[in-house]
Amino acid sequence: MSYKMSRDEREELLHLFEGLRVTDVRDGMDWNMMHHYGSVHYEIRPLWRTRVVGIARTARYIPYETFVPQMSPEEYTEWVAWYYREVCNDPWQADIEPGDIIVIDQSGVDVGILGSNNTLAGFAKGARGYITNGGVRDTDEIIIQKIPVWSKFISQKMDQGRIRFDAKDVPVSIGGVVVYPGDVVVADGDGVIVVPRKIAPQVAKYARQELEKDKAARRRLYEQLGWELDDTVK
Ligand SMILES: O=C([O-])CC(=O)C(=O)O
Ligand SMILES: [Mg+2]
C-alpha cells in the first residue's frame, strides 16, 4: 500500500492540525459530511490528559494459539528471550519517523502490549504517542515518563504465551474506525479521532473555523468574568 510521504508533506499535514482539539476535528469531519466516521469508540481513553497530533503508523497482533511447554524457570528465561525475538516483537520500532503515532490492533487479547520500556524506545525515535484497542502496563512509569498513551484497559500481563506479532503498515480496526497508515490521528482528553489522509486539509480548515469561533466566544466570557486570558482563548 502506498502511503509514503516526504518529510515536507508530513510536516505540512501536521501543521494543519496544530492546536486543534479533538472536538474541533470532530466538527471538521461533520462539515465534510463525515458524521458517521472518525471518532474512535469512547472506551479508548487517555492514560493521562494531554493532546497529540500525529501520522498513523500501524501494527496488528493476534492471539497466540500454541501451548507453552512445561519447563524450568531457567529454561523459561531463555524461552521468553526467544519469544520476544521471534514471536512477539515490535518491528515497527525500526521504522518510526518523527511525528508518528503508533496505532495497535491487539485483537482483544488481555496483555499490556505497551509498557514503559517499548513506549519510551519509540518516543526516543520521535513517536508522539500510542493508541491501542487493548492494554497498557507499567502505567505509573509511563505517566512519570510523560508518554502519551490511549488504551482500552490497563493489563498486568506480559505478551509471551498470549499474543504474537502479525503485520505492520496495514489497515487496522480500532474502536469502530479503520486506521490506514498515513492517516492523521488527533487525541486528547476527549479521546481519539482519525482523519483519512485525502480529506485532511478540508477537515482541518473547518475544524480551525470552529476553534476560532469557540475561542472568541469564550474569550468574551473570560473578559466578562474578569479572568486572566489563557492559551485556550488566545
Ligand atoms: O514488554 C512489553 O512488550 C511491554 C512492556 O512491559 C514494556 O515494554 O515495558
Ligand atoms: Mg515493562
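A residue is taken as near a molecule if its C-beta atom, placed from the backbone, lies within 6 Å of it. In this predicted model, ligand 1 is surrounded on that basis by Gly112, Gly115, Ser116, Asn117, Asn118, Arg137, Asp138 and Asp159. The shell holds no nonpolar residues, 5 polar and 3 charged ones. Helix α4 (residues 116-124) supplies its largest share, 3 residues.

One of the shell residues, Asp138, is listed by UniProt under "binding site", in an unreviewed entry. Asp138 sits in the loop that links β6 (135-136) to α5 (139-144). Is Asp138 buried or exposed? Asp138 counts as buried because it has 20 C-beta neighbours inside 10 Å, and 20 or more is the cut-off for that class. Leaving out residues up to four places away in sequence, Asp138 touches Gly115 and Ser116, which also belong to the shell around ligand 1.

| Group | Element | Share |
|---|---|---|
| Shell around ligand 1 | helix α4 (residues 116-124) | 3 residues |

In soluble globular proteins, nonpolar side chains tend to be buried together. Here the largest nonpolar core has 49 residues, and those with the most contacts inside it are Val103, Ile131, Val185 and Val186. Beyond its neighbours within four places in sequence, Ile131 is in contact with Ile44, Ile101, Val103, Ile104, Trp150, Ile174, Val185, Ala187 and Val192.

Methods:
Residues numbered from 1 in each chain as written. Chains lettered and ligands numbered in written order. Predicted model: local features only at pLDDT ≥ 70, side-chain atom pairs only at ≥ 80, totals over all residues. UniProt positions renumbered as here; feature names shortened; annotations may be inferred. Helix = DSSP H or I, 4+ residues; strand = E, 2+ residues; numbered from the N terminus. Buried ≥ 20, exposed ≤ 12 C-beta atoms within 10 Å, placed from the backbone. Contact = placed C-beta atoms within 7 Å. Core = buried A, V, L, I, M, F, W, Y, C linked by C-beta atoms within 7 Å. Nonpolar A, V, L, I, M, F, W, Y, C, P; charged D, E, K, R; others polar.
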